[in-house]
Amino acid sequence: MKIDRIVMRQLRMPLVHFFETSFGRTHERDIIIVEVTAGGISGWGEVTAGENPFYNEEWTAAAWLIVRDYCAPRVLQRELDSADNVAPLFEHIRGHRMARGGLEAAIWDLEARLAGLPLYRHIGGGAHREIPCGVSIGVQDSVEQLLEKIQCELAAGYQRIKMKIKPGWDVDVVRAVRHKFPAIKLMVDANSAYTLADAAHLKRLDEFYLMMIEQPLSHDDIIDHAHLQSQLETPICLDECIRTAHHAEQAIAMRACGIINIKLGRVGGFSEARRLHDVAQAAGIPVWCGGMLEAGIGRAHNIALSTLPNFTLPGDVSASGRYWKRDVITPPVETTPRGTITVRDDPGFGYAIDHDFMQSITLREETLA
Ligand code: OSB
Ligand code: MG
């Protein structure tokens with residue numbers, strides 16, 4: 001396969017509801033879509049970086065430059081024998097895995113289409129034909145609002161609820177949720193808002209029999225998480241800390257977590273995501289697929305990834321309509337009343353691009369050849 005053209009587009013998409021984490025509130029997303037073309041066939045990828053360098057060090061404006069000036073030149077007009085050989089071409093670049101992963105995933109999608117295969121098959125997935133879905137609910141303006149939102153998501157069939165926590169919005173709020181919903185699968189995500197000095201406070205969450213506490217401590221500190229895990233009953237799930245399969249090996253060896261959230265962008269694409277999946281599976285550590293408020297292309301890639309066998313817990317991949325009035329793919333991603341997404345068998349990521357709509361929300365576009 002030889003890529004003869006790359007088109008980068010930056011889209012602006014307002015969220016249906018704002019999304020608040022411990023690091024801030026997002027009202028609209030600025031999303032980079034990468035289209036790679038070989039012999040008239042296009043593959044598509046999405047860069048999952050946020051608008052600001054607050055989740056990790058990446059953000060949209062920087063990711064644009066990394067893709068354009070560092071990643072694209074390494075693959076354009078070059079004979080590639082396999083999408084699996086793309087990530088090593090980007091290893092020379094430090095960090096910026098979401099930017100690297102957006103282009104890498106597009107090339108996996110392209111290769112699947114050239115072979116006439118659905119992407120999930122092409123990456124070796126297909127263990128699940130229906131993926132179990134949970135939702136991630138941000139910090140709300142009031143506890144009543146949060147309870148109402150949870151009620152609404154449960155009514156839609158979602159199998160587990162993740163709520164964001166931060167100092168001042170944690171133990172008491174979780175208590176209120178548990179009181180109203182004693183039997184649901186419930187977990188919390190702190191996005192690195194605490195330190196080891198908060199260990200006793202976090203230990204108070206043990207009484208709510210949560211499925212897991214996601215990334216309570218620093219975004220780059222596996223060692224502190226190991227110290228915390230030794231003091232908690234509740235399993236820790238690592239998100240931000242795990243950028244490579246090797247990080248997962250280290251975290252597992254140190255008993256820093258009992259569960260891992262895999263995000264395609266955070267680890268730099270499908271090759272590393274698969275390796276990480278395999279490392280966790282061999283160690284008996286379950287994984288689930290995280291989300292970054294993706295538009296349809298990133299969402300569809302997450303669905304494909306979630307069909308690998310060790311994705312045994314409900315992830316954060318949910319219906320397009322929870323995020324967007326209109327998505328860039330047709331049909332939009334929808335869930336069954338059982339709180340699952342049915343995997344589609346069309347070639348590539350399985351959905352059609354809504355080109356006219358995408359064009360109408362494109363802020364800038366650049367063609368590289
Ligand atoms: O930590 O999982 C996270 C959104 C933005 C940044 C980080 C995270 C999230 C989510 C949302 O939890 C998941 C989603 O619904 O896409
Ligand atoms: Mg998280």
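Analyst: D239 is buried in this predicted model, because its relative accessible area is 0%. The residue is one of the protein donors of the magnesium ion (ligand 2), a set made up of D189 (OD), E214 (OE) and D239 (OD). These donors lie 2.1 to 2.3 Å from the ion. Along the chain, the donors of the magnesium ion (ligand 2) follow the spacing D-x24-E-x24-D. The pair E214 and D239 links distant parts of the chain, the two residues being 25 residues apart. E214 belongs to strand β8 (residues 213-214), whereas D239 sits in the loop between β9 (236-238) and α9 (245-253). E214 is likewise buried, with a relative accessible area of 0%.

As for the cysteines, the number of disulfides is zero. A disulfide requires two cysteine sulfur atoms within 2.5 Å. For C152, the closest cysteine sulfur is that of C133, at 15 Å, so the separation is too far for a bond. The side of the exposure scale on which C152 falls is clear: with 52% relative accessibility, C152 is exposed. For C289, the closest cysteine sulfur also belongs to C133, here at 10 Å, and this too is too far for a bond. C289 is buried, its relative accessible area being 1%.

Definitions and conventions:
Residues are numbered from 1 along each chain as its sequence is written. Chains are lettered from A and ligands numbered from 1 in the order in which they are written. This is a predicted model: local features need pLDDT of at least 70, side-chain atom pairs count only at pLDDT 80 or more; totals for chains, interfaces and linings use all residues. Side-chain values use heavy atoms; hydrogens and water are left out. Donors are N, O and S atoms within 2.8 Å of the metal (3.2 Å for Na, K and Ca); water is not among the atoms, so sites may look incomplete. Helices (H or I, at least four residues) and strands (E, at least two) are DSSP runs, numbered from the N terminus. Buried means under 20% relative accessible area, exposed over 50%, partly exposed in between (1.4 Å probe, protein chains only).
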